[in-house]
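Please look over the sequence and the model before reading on.

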There are 2 protein chains.
Amino acid sequence: MTNENQNATHTHSEDLAVIEPQAAAPLESFEQSFPSSHKYYQEVSIGEQTLRVPHRRVHLSTGDTIDLYDTTGPDGYDPTQGLPGLRNTWGPSLPPGEGGVCTQLFHARAGTVTPEMAFAAAREGVSAEFVRDEVAAGRAIIPANRMHPELEPTVIGKAFLVKINSNIGNSALGSSIPEEVDKLRWSIRWGADTVMDLSTGKDIHRTREAIMRNSPVPIGTVPIYQALEKVNGVIEDLTIEIFLETLQEQCEQGVDYFTIHAGVLIRFVPMTAERLTGIVSRGGSIMAKWCLSHHKENFLYTHFEQICELMRRYDVSFSLGDGLRPGCISDANDEAQLGELAVLGELTRIAWKHDVQVMVEGPGHVPLHKVVENVELQQELCSEAPFYTLGPLVTDVAPGYDHITSAIGATLIGTHGTALLCYVTPKEHLGLPDRDDVKIGVITYKIAAHSADLAKGHKGAQAWDDALSKARFEFRWEDQFNLAMDPPTARAFHDETLPADGAKEAHFCSMCGPHFCSMRITEDVRAFAKEHGISGEKALEVGMQERSEAFKASGGELHMTPGA
Amino acid sequence: MTNENQNATHTHSEDLAVIEPQAAAPLESFEQSFPSSHKYYQEVSIGEQTLRVPHRRVHLSTGDTIDLYDTTGPDGYDPTQGLPGLRNTWGPSLPPGEGGVCTQLFHARAGTVTPEMAFAAAREGVSAEFVRDEVAAGRAIIPANRMHPELEPTVIGKAFLVKINSNIGNSALGSSIPEEVDKLRWSIRWGADTVMDLSTGKDIHRTREAIMRNSPVPIGTVPIYQALEKVNGVIEDLTIEIFLETLQEQCEQGVDYFTIHAGVLIRFVPMTAERLTGIVSRGGSIMAKWCLSHHKENFLYTHFEQICELMRRYDVSFSLGDGLRPGCISDANDEAQLGELAVLGELTRIAWKHDVQVMVEGPGHVPLHKVVENVELQQELCSEAPFYTLGPLVTDVAPGYDHITSAIGATLIGTHGTALLCYVTPKEHLGLPDRDDVKIGVITYKIAAHSADLAKGHKGAQAWDDALSKARFEFRWEDQFNLAMDPPTARAFHDETLPADGAKEAHFCSMCGPHFCSMRITEDVRAFAKEHGISGEKALEVGMQERSEAFKASGGELHMTPGA
């Protein structure tokens, strides 16, 4: 999901104020972000190789630890030098198939567990065979261009933890390459599982190179943006040759997935004429305009198999773009959107024929009661290929809060099987997200994804909630902060009211008043049980029930006759 | 729903830093909050009386206007003097029934449309008869103590717009009376439909008086807090006499609804012993401790009918408290919670027998897949009395973001019929909300409530979204800001990137790049339709379809054979 809006704040007017680049204060360290946590590397054997798989281990004051999924990547590297080539240490590549095919889908179907599958499986706490099965069925993908050695592979599919994507990228108005690399690093610090580089304007190649060489997570792009720059912004001049040349360049750089709007067919374009907000996808509107200008079918559709052939050689995954997604509540789930979705299903199966991995993009703006239909239809029409949605936003009326309006839809659609959620920041529809906005967007989407994991009953998800709630109940304030999704913010909010260190040791909390305390009550109950020589809830319940029954029999004042 | 946590930050330790009261900068004006809006008073006749019903009318640059629900109350009054007594101008009261009963429920059942019903109906855009029917059936309430003349009545029920509650109130650590009145005024500015005063500590009576006399929205309290202060915090010393005396005092002040934890029965208390977080409701834990100490049944339960008799004389509504609500994901929907809910159903029917209006409180912390069950069970067990929930939070791991974790649950439970949503602020579990936190909490819950209205297909809800989306699509930036739920924030976020005024006039937006623009594409499509002398979507579609079919027939490169 491209969320293409975000870096698209270009103007047709020349009289705008010059934009000051943001001040680039250094990022806080891993230790500052996550006190009492350290990177723990699980060693996983595959053949003669040993993979070192990262987790974040949180140390509690009780001596216990809890391991959380870690996206933060290797620490302590100079961004101007890039990250080490982790996958280069994994020994010789597996032999390619016919025509040089080397995709995870090809190997999975051949029954081969790749290091990438084993690595992703260990992060999830599942078997590598299970990952292989899901990839082979097309229900999951491991975006992993063979030219992206810095990658720590991850698996995206409904059987796994729900993943989130953050969007970065500079624009004509915007920021510098170091700022974009900082946004990448900040995104993965807070939990982004994938990142899209949506850069436009100058320096598009160099920006991407800087991002690729610093990214331990899969990087996605929308190649039509660069193709359009190559024809100086004249949509009519776009050709399949220029597009393929652009793909080749980006394949070589190591991009892991491409958003390609091959489902915007000419017959769907008129269906958008009476929409309230027409076509809001940048890629979608480019292709729609191309189709209209030439009175021809979308060249990404008519040359789809050539595109597959190129992508299979690098193992770049498709993210089939929903160029006709709704841009407002009124346009949700309309004919244009659903017509395109059916085409994306056809294209999914064609890509699979070429051993190319596929996920499918979805909306956008959808009222809550129409959200679930989106993922159910997508799963049906696209043969269970992973779904990747932008939110969806469940109302249009709260610009400035669209991280929230969209997280509501994202949690519901994630619970029902969407595999990857594209974040939305508070600046959506209004301006360019800065580093703070990126953090808020990522944290908000981690909430959506983790809440969906809980609702799906994903193994291990609830252990995190239980550890934090236990710390809360036992007044272990430091543990509560350290287990929080955003420890510095939790601590700062607490300290605003009660800055003294004593407050973090006192049996003092927001669940407690001066005259009573929920923890003490529960202790009373537990003491009562012990004192009466009975243990366990059931025995106690019996005893108390007797007393209550006796009370009732004695003629308590209450008459339980049902009223009107 | 009491969300009792929020002002409960008292300490058992004496060594805490002294808390600085917040600086009390003056509130911004109505005009600053809502540029290009004005209060519009609809005149509604009932008998010989004319009611003036407020709406907020937003003026657009197109000359159009849109009316939005308004909770902001009369403007320009000195908080030290209080608001005028609106309801005192509505002529003589209706004749009371037997025993002095004068509740909305009594009148509704008698077939009488009260001014309160007519007023609330006009705000919703429905007939007064419809409101009367819903109140008579117990499916809706109009909390309106006859001693609260400042009230602008509102109706709470699943057939109406979803409402939201904000919590304010001082505490031993906390703020001053003027600060709490400011929080009240700030709450209703941003859309709170009801407000609970959860004050504890000193000045509890005076604080409430200041709030009552300044509130155009229904005010709720948890009377057990004040009763406990009267016995110097010794739970064992609480009696029904002290409780009734406290109720009487608060009835006289004009409190519109009382949270009463009459469902915390002694037999349920042991069921909480093995919970991860025991009892987290303050009222619930007080009553549980009282039951255990005395080995007696909850006196609020055994004297429930006496309480009803008192409340009917003032028309104070019940908000039956869920004292055993879960305090974490692990404890959701357990035996204690659901056992109490069944008792609340019994109590609902008893209150109805006494003509007392009732709503029922619900959780709390619930994973997304268990959310809907809560409202469905409540509606069944409580004979469709309105449900009033606190969130629920769908994960425990994000302290600092619990406005978001809870708005996700709130939107879903609102969509399925919950009538009133109690807000949660970012400070939940961590400290005392300040004025900024109150605003964020209210806006977040307005998002949840409005999104639920959209999903329920509530008449008129979508007109707001459509107006904003149309403004967005047509680059009417000022209209987009003015229609936003929080205009100053939307404008400020936009201006961070593009401060120049030119940017608000340019055809410039985040849906647009330098080389293309979704609006122009749609214009191209519309122009094409016009040029070819065809109008409407269907005709166009046919034309384009033909071209597309022709392309395919000519042997386009694409082979649509389904792949593996």
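## A sheet in chain A

In what order do the 3 strands of the open sheet in chain A lie, and is their pairing parallel or antiparallel? In this predicted model, the order is β1-β2-β3, and the pairing is antiparallel. The edges are formed by β1 (37-46) and β3 (65-69) of chain A, each of which pairs on one side only. Neighbouring strands of the sheet are turned against each other by 45° on average, with direction ignored. As a general point, strands of a sheet pair through backbone hydrogen bonds, in either a parallel or an antiparallel manner.

Between β2(A), which covers residues 49-59, and β3(A), the antiparallel pairing extends over 5 bridges, and Val58(A) stands opposite Ile66(A) in β3(A). Helix α3 of chain A, made of residues 115-124, lies across β1, β2 and β3 of chain A and runs at about 20° to β2(A).

## The largest nonpolar core

The largest nonpolar core has 260 residues, and among these Phe318(A) and Phe318(B) touch the most other members. Leaving aside residues up to four places away in sequence, the contacts of Phe318(B) include Phe258(B), Ile260(B), Phe304(B), Met311(B), Val356(B) and Gln357(B). In soluble globular proteins, nonpolar side chains tend to be buried together.

## Cavities

The structure contains 11 cavities of 30 Å³ or more, and the largest cavity holds about 170 Å³ of space. This largest cavity is lined by 13 residues, of which Thr72(A), Pro74(A), Asp75(A), Arg185(A) and Ile188(A) are the closest to its centre.

How values were computed:
Residues numbered from 1 in each chain as written. Chains lettered and ligands numbered in written order. Predicted model: local features only at pLDDT ≥ 70, side-chain atom pairs only at ≥ 80, totals over all residues. Heavy atoms only, no water. Pairing = 2+ DSSP bridges. Helix = DSSP H or I, 4+ residues; strand = E, 2+ residues; numbered from the N terminus. Axes fitted to C-alpha atoms, helices over the stretch in contact; angles between N-to-C directions. Contact = heavy atoms within 4.5 Å. Core = buried A, V, L, I, M, F, W, Y, C linked by side-chain atoms within 4.5 Å. Buried < 20%, exposed > 50% of the residue type's maximum accessible area, 1.4 Å probe, protein only. 1 Å grid on protein atoms, 1.4 Å probe; cavity = no way out; pocket = protein on both sides within 12 Å on 5 of 7 lines; lining within 4 Å. Points joined across faces, edges and corners; volume = space filled by probe spheres on them.
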